Amino acid sequence: MNTVRMESSALDFVQEKADEIMNHLAWYGELTGTEAELVLRDKQDMTYLLRQGEKEGHYYLTYVKEGCSFTHIPFTVHPTLKQWFYRQGYPRFATDLKVFVPEIMHAEEADCIPLARLVRE
């Protein structure tokens, strides 16, 4: 019974995080890396968008770096630890996207610019 409760709690957390990202200002959904780069073209440094990864529960943060290059960082939800998770050299975790996005971009929150979608689905 305890295992079932833990699994249910983990699933609830994963759904909570899915809702968090899909309601984020910079959520673009199913976009390829190339499409993300086209959307971000001519945007200022540190402008970013969030998009779906290849698997359910996997995501990418794509952002403009140094004016003309793009960075695509994969990340996911760690259901056991109940945190957002990515690995760049060593594991990094955060409880919400407000903290996590600047962590991924190695920047201050004020420097990270979400690219808002004009039309929501």
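Predicted model: local features only at pLDDT ≥ 70, side-chain atom pairs only at ≥ 80, totals over all residues.

Colleague: Good to know. What is the volume of the largest pocket?
Modeller: The largest pocket comes out at about 240 Å³. It is lined by 13 residues, and the closest to its centre are Val14, Ala18, Glu56, Gly57 and Tyr59.

Colleague: Which elements give two or more residues to that lining?
Modeller: Those are helix 1 (2-22), strand 2 (58-65) and strand 3 (69-78). Helix 1 gives the most, with five residues.

Colleague: And how do the lining residues divide into nonpolar, polar and charged?
Modeller: Seven are nonpolar, five are polar and one is charged.

Colleague: Switching topic: where is Thr47 found?
Modeller: Thr47 is in strand 1, which covers residues 47-52.

Colleague: Is Thr47 buried or exposed, and why?
Modeller: Thr47 counts as buried because its relative accessibility is 4%, and the cut-off for buried is under 20%.

Colleague: OK, and what does the side chain of Thr47 reach?
Modeller: The Thr47 side chain reaches the backbone oxygen of Gln44, at 2.8 Å.

Colleague: Which residues does Thr47 touch, leaving out those up to four places away in sequence?
Modeller: With those left out, Thr47 touches Leu40, Thr62, Tyr63, Val64, Ile113 and Leu115.

Colleague: Nice. Now helix 3: which of its residues are buried?
Modeller: Helix 3 spans residues 97-105, and its buried residues are Leu97, Phe100, Val101, Pro102, Ile104 and Met105.

Colleague: What about the start of helix 3?
Modeller: There, a side-chain oxygen of Asp96 reaches to within 3.1 Å of the backbone nitrogen of Lys98.

Colleague: And just after helix 3?
Modeller: That's where His106 takes a positive phi, about 55°.

Colleague: Let's stay with Ile104 in helix 3. What is its relative accessible area?
Modeller: For Ile104 the value is 0%, so this residue is buried.

Colleague: Which residues does Ile104 touch, again not counting those up to four places away in sequence?
Modeller: Ile104 touches Leu61, Tyr63, Ile73, Phe75, Tyr86 and Gln88 on that count. Tyr63 also came up in the contacts of Thr47.

Colleague: Last one: how far apart are Ile104 and Arg87?
Modeller: In sequence, Ile104 and Arg87 are 17 residues apart, and in space they are 9.3 Å apart, C-alpha to C-alpha.

Colleague: Great, thanks for the tour!

Methods:
Residues numbered from 1 in each chain as written. Heavy atoms only, no water. 1 Å grid on protein atoms, 1.4 Å probe; cavity = no way out; pocket = protein on both sides within 12 Å on 5 of 7 lines; lining within 4 Å. Points joined across faces, edges and corners; volume = space filled by probe spheres on them. Helix = DSSP H or I, 4+ residues; strand = E, 2+ residues; numbered from the N terminus. Nonpolar A, V, L, I, M, F, W, Y, C, P; charged D, E, K, R; others polar. Buried < 20%, exposed > 50% of the residue type's maximum accessible area, 1.4 Å probe, protein only. Polar contact = N/O pair within 3.5 Å; in protein donor to acceptor, adjacent residues only side chain to side chain. Contact = heavy atoms within 4.5 Å.
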